[in-house]
Amino acid sequence: ETKVPDLRVRTSWRRRWSGRAWGLLMMGWLGCDGGPAALPLDHPAPTPFQPTQVRAQANMAATPAFADQTGGGIFVTAMGEAVRMRLDGSLAPLENHPGNAQAPGKVHTVFRMGTGAALVEADRGLYLAQGGWLISPSWSGMLGAGLRATAATQDGGVWLAHSSGLFRLRDGGLAELKVAGEPLDGVSALVAAPTEGGSASLWLLRQGELRRVVQTGGNAWQVRSVPSPLGANERVVQLVGVSASETGGEETWVLTSERLLRHTAEGWRGVMLESTPTQLLAAGRFVWVKAGAALLLYDADARTWAQVDGLDTREFRFLAADESGCAWVQLGADTVALSRGPVPRVLGLYEGMTLV
């Protein structure tokens with residue numbers, strides 16, 4: 001067995017709390033401060049548009065995928081195979097790397113590892129999708145099936161929310177974040193968003209409650225509760241992030257059982273939509289929202305809303321989105337890329353660079 005090293009948790013409250021009581025506080029069992037409050041409200045007036053559509057040339061599974069900003073992405077077919085989607089919807093194979101100890105087997109889902117990298121979960125573990133290959137990383141044996149979410153940070157690290165705990169991948173090494181020796185299991189969503197002071201920070205959804213992990217030292221992190229304006233019976237359903245640009249900072253968007261919230265540098269805001277939102281997806285500076293029969297797109301740079309016109313969304317599911325504002329969705333049996341217009345794609349970027 002290979003032991004995964006632990007990341008340290010540091011806090012000024014350590015001397016006042018000890019043992020199980022401290023563990024309970026940091027793990028968030030005491031709940032969030034705050035409650036229902038009068039919030040500043042956004043009242044979107046979306047402009048309708050006819051979307052540009054590209055259909056996949058094969059049946060894809062209705063499972064999360066990875067959309068690359070250079071076009072296409074990594075998807076899972078209805079037969080459980082990982083494939084590379086091209087710009088025109090055609091497919092290219094992803095083959096088992098000859099250096100792997102065993103073939104991946106049936107593929108279940110795909111997770112984003114950055115602007116141009118994906119992590120594939122299969123029957124026999126986790127595999128990196130790179131250069132037309134499925135490559136088993138050196139740390140894959142430390143984590144079995146059970147990956148729930150990923151988030152890449154500006155320092156080059158990637159956080160992995162697994163059913164067994166919360167892990168950080170950096171420079172090929174895997175470390176686990178624990179609080180009072182206990183794993184942070186039950187995390188279902190992650191969003192990387194630096195603090196106002198520039199420190200690395202991670203929003204997470206754990207067992208229906210919001211928490212924030214903040215870097216306080218080179219290898220030390222603090223888990224904090226997040227005061228939120230939730231009502232007594234309101235629960236958080238989904239969590240996505242908007243990245244920073246020259247015109248605005250990071251934002252965290254929260255889909256609850258009743259409404260849509262956004263957290264900016266000025267605090268919480270509510271988003272008033274004609275119908276209750278049910279699905280949420282974001283990449284770069286764009287946010288896609290499914291509310292009733294409407295499919296909405298928010299551009300954080302232009303601060304404008306648009307609504308897809310002429311699309312039947314009765315059988316609808318988000319699969320992936322990229323930083324250009326393009327979203328891949330499942331419409332009945334079809335997998336379709338939607339965008340406001342033809343998207344210019346730059347194909348000569350080095351790995352890890354982001355086009356804004």
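Begin by selecting Arg-168 and Ala-175: the bridge partner of Arg-168 in β17 is Ala-175. Helices (H or I, at least four residues) and strands (E, at least two) are DSSP runs, numbered from the N terminus, and two strands pair if DSSP finds at least two bridges between them. The model is predicted, so local features need pLDDT of at least 70 and side-chain atom pairs count only at pLDDT 80 or more, whereas totals for chains, interfaces and linings use all residues. Residues are numbered from 1 along each chain as its sequence is written, and side-chain values use heavy atoms, with hydrogens and water left out.

**The hairpins of β17**

Next, select residues 165-170, which form strand β16; five bridges join β16 to β17, and the two run antiparallel. The two strands make a hairpin with two residues between them, and in the turn Asp-171 has a positive phi of about 55 degrees.

Now colour residues 173-179, strand β17. Five of these seven residues are buried, so β17 is largely enclosed by the rest of the structure. Buried means under 20% relative accessible area, exposed over 50%, and partly exposed in between (1.4 Å probe, protein chains only).

Move on to strand β18, residues 182-183, which runs antiparallel to β17 and is joined to β17 by two bridges. Select Val-179 to find its bridge partner in β18, Glu-182. The hairpin of β17 and β18 also has two residues between the strands, and here Ala-180 takes a positive phi near 55 degrees.

**An open sheet**

Display β9 to β13 next. These five strands form an open sheet in the order β9-β13-β12-β11-β10, with mixed pairing. At the edges stand β9 (95-96) and β10 (107-112), each with a single partner strand, so one side of each is left without a neighbour in the sheet. Within the sheet, select β12 (residues 125-130) and β13 (residues 133-135), which run antiparallel and are joined by three bridges. Gln-130 has Trp-133 as its bridge partner in β13.

**A loop residue**

Select Gly-310 in the loop between β30 (304-308) and β31 (316-321). Is Gly-310 buried or exposed? Gly-310 is exposed, with a relative accessible area of 69%.

**The whole chain**

Of its 356 residues, 50% are buried.
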